Amino acid sequence: MVFRKPPDGGWGWVIVVVSFFTQFLCYGSPLAVGVLYLEWLDAFGEGKGKTAWVGSLANGIGLLASPVCSICVSSFGARPVAIFSGFMVAGGLMMSSFAPNIYFLYISYGIVVGLGCGLLYTATVTITCHYFDKRRGLALGLISTGSSVGLFIYAALQRELIELYGLDGCLLIVGALSLNILACGSLMRPLESSDSPPPEKTCVDKVPDQYFVYHEKEKTVEENISILEKGYVDEKCANNMPEYKQDSILNKNVLSSINVNEKDTYKKKVVEQTNFCKQLAKKKWQLYLNYWEETVVLFKNKVFSALFVAILLFDIGGFPPSLLMEDVARSANVNEDDYHMPLISIIGIMTAVGKLTLGILADFKWVNTLYLYVTTLLMTGVALFAIPFAKSYLTLAMLSGVLGFLTGNWSIFPYVTTKTVGIEKLTHAYGILMFFAGLGNSLGPPIVGWFYDWTQEYDTAFYFSGFCVLLGGFLLLLAALPCWNACTNQSSKLPPNTYSYKVASSA
């Protein structure tokens, strides 16, 4: 599909607003699941690693299914996907209020809500990238702050609702709030492929030629001559017969022709439908083959290959603090009287600041967004190494703010992906990268929880998390160094609209 040039404004700002509220409503509860995590620990009495699967699935399953989400958005459009996903998120949250055990939550909260969030995230990012080019960094930064603001508000809101109505009532109310996603999704008008709509085709024109069995153009000259000669002989024989015989034969021919025509019409429809199914299956199979061929081409780009490793390791190590920081403070025996604000709320508000700040920086021509992204990864690794040394609310709050700000690099990740593979391959490449991000989100919190179950302390777990993030950052930095381009092709020049880390992939 060929889209019109991005308007960088107009209805695009409406898209930004509704995408902001969509991410606010769908990600508010899953990102602030740390509040619910403590309640589930007390309610079901399971281990920390086992209980952490609920929150990790909710934040990871949607990213794991990103290739499927990308196909859905490409096939049906952002608006239908957003409306359908709104029902999924609301229904999953409401179902979770009736959970009898932790395994039910794996399905209702982890898979149903998580998959709905993944579909909504892909829809909002894709349609925003279609509407913006020069201001894409700002637009992505604005819509991605929706999830961060949702984390900030929902952390306090869910805690207050639990005190007033209990855990079940909290989930019911939060699920009802998520129904507002339907109104936001209805405003996601797709970008037209051209200013003027194409002329309407007739019913015959709408049927592809390859689905017809009988083609007039396929008849040879000999066949046409034989048909004419046969008609001439039949007419001559009919003229030599008596009139009454001609009438009887004519009546019989009319009746027989009707029966023959009905049978031929039925057979023709059966053949046409069979051929249509065969052609459709062949076309779908060809699409699947093209998808895997394009995937292989993407992985020939060394920056893209390093990017998927970096995002996997970053989410394994960088996501657990947003889920487990409250339990880290409780395990460190932090006095509850010192709590001025939930640590999760600090992470949420600083993530919003980070997304907006980094998104604005990405729009400056002198800023290389890939190096900016690598810098955030390396700083995140250092902050994770410092968590075991934080034993007071003040130090934990400071580290929560730093980690929240650096986690705001999610706003520039689509920007980095676009500059690496191009806008034409954004949906495909972004779906693959989000799959690995979801894998990291799903594995990170349970791994940290298992480390605690084994050692009865979080120190070893966060050393491991910091090492993962630093490793991913260094690998991406090595792949992005300009010397690789000079070694592979010294005489080639880069296109004017790409950065130095862009590596041309060969089909």
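The structure has 0 disulfides, a disulfide being a pair of cysteine sulfur atoms within 2.5 Å. This is a predicted model, where local features need pLDDT of at least 70, side-chain atom pairs count only at pLDDT 80 or more, and totals for chains, interfaces and linings use all residues. Residues are numbered from 1 along each chain as its sequence is written, and side-chain values use heavy atoms, with hydrogens and water left out.

Look at Cys69. Its closest cysteine sulfur belongs to Cys72, 6.4 Å away, which is too far for a bond. Cys69 is buried, at 1% relative accessibility. Cys72 is partly exposed, at 22%. Here buried means under 20% relative accessible area, exposed means over 50%, and partly exposed lies in between (1.4 Å probe, protein chains only).

Now turn to the rings. The whole structure holds 15 aromatic pairs. Rings of Phe, Tyr and Trp (its six-membered ring) pair if their centres lie within 6.5 Å; planes under 30 degrees apart count as stacked, over 60 as edge-to-face, and the rest as tilted. Take Tyr103 and Tyr106: their ring centres are 5.8 Å apart and their planes stand at 90°, so this pair is edge-to-face. Tyr103 is partly exposed, with 46% relative accessibility. Tyr106 is buried, at 15%.

Elsewhere, Phe451, Trp454 and Phe464 make up one aromatic cluster.

A charge can also meet a ring. Arg189 sits over the face of Trp11, 4.2 Å from the ring centre. The rule asks for NZ of Lys or CZ of Arg within 6 Å of the ring centre and within 35 degrees of the ring normal.
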